[in-house]
Amino acid sequence: MAVLTVEGLKVRYSAKGPEILKGIDFEVQDDDFLAIIGPSGAGKSTLIRCVNRLVEPSDGKIVLLGEDVCALRPRALRNLRRNVGMIFQEFNLINRMSVMDNVLSGRLGYTGNMRSLFRAFPQDDIQLALYYLDRVGLSDHIDKRADELSGGQRQRVGIARALMQRPKLLLLDEPTSALDPKISREVMALIRDIALELKVPALCNIHDVQLAKEFCNRIIGLQDGYKKFDGATEQLRDADLDDIYAMEVL
Ligand SMILES: Nc1ncnc2c1ncn2[C@@H]1O[C@H](COP(=O)(O)OP(=O)(O)OP(=O)(O)O)[C@@H](O)[C@H]1O
């Protein structure tokens, strides 16, 4: 079943600026771990950010969990965003706060005065945070400040925080590009395994083709705002990659 359907998606960041996405169609099924690959500037991050309207589309239709995303009014959009867990390249943690508090902040969605609320989390949320901290391998670090952790550990906090939303879709925006190759692999394996356990589909912007092929079941290739490939990972041939990356200037 499709969790997300995107049709004819176009984006311009300003009225007179260039068209960044030029009519993209695709679906995310409920068991997909779908990679978006393509050269720098192809529009991968823009595409991910349109799904929950962090970037406003200029044309096209996005249906997420049965809702027409572009038609939603602010309150309904906030509610929908709570169903979408995001994991970012730079982790987006609050450095001065503890690991536990960073994870609990996942319950707050996108608004709210975190400091004043920290002591008011229901016991269920605290139990859930402890569970996910254990699941991502950080049980021994819950009281540390976020900035005392390594990059890989920080991304594990980011994963646990996203899971606290009990998401129905995960959006991953270059989740490993700040990490070394070995840790990148561990983090991708962790995200894939948890997504499978929780039966949450994921849409992942990733420039490392090798990682995409290793961990994702489907791949979309973008080039200069156009979709060049959309298929099962095992269907991706070297010729497709040559096509997707044909315009990359090294
Ligand atoms: N906020 C913005 N305002 C104006 N232009 C933007 C903005 N964000 C991105 N762009 C432009 O949109 C194009 C696509 O950027 P985007 O970050 O989506 O590509 P990408 O494929 O994710 O690239 P990379 O792999 O380098 O992160 C680029 O030309 C970029 O300069």
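1. Four strands make up an open sheet, ordered E2-E1-E4-E5, with antiparallel pairing; strands pair if DSSP finds at least two bridges between them. Strand E2 (19–29) and strand E5 (67–68) lie at the edges with a single partner strand each, so one side of each has no neighbour in the sheet. Helices (H or I, at least four residues) and strands (E, at least two) are DSSP runs numbered from the N terminus.

2. This is a predicted model, in which local features need pLDDT of at least 70 and side-chain atom pairs count only at pLDDT 80 or more, while totals for chains, interfaces and linings use all residues. Residues are numbered from 1 along each chain as its sequence is written.

3. Strand E4 (residues 59–64) and E5 run antiparallel and are joined by two bridges. Leu64 is placed opposite Glu67 of E5.

4. Helix H6 (residues 151–163) packs with helix H7 (residues 181–198) at an angle of about 15°, the axes being 10 Å apart. Axes are lines fitted to C-alpha atoms, for helices over the stretch in contact, and angles run from 0 to 180 degrees between N-to-C directions. H6 and H7 are therefore roughly parallel (angles under 35 degrees).

Technical notes: Angles under 35 degrees count as roughly parallel, over 145 as roughly antiparallel, 65 to 115 as roughly perpendicular and the rest as oblique.
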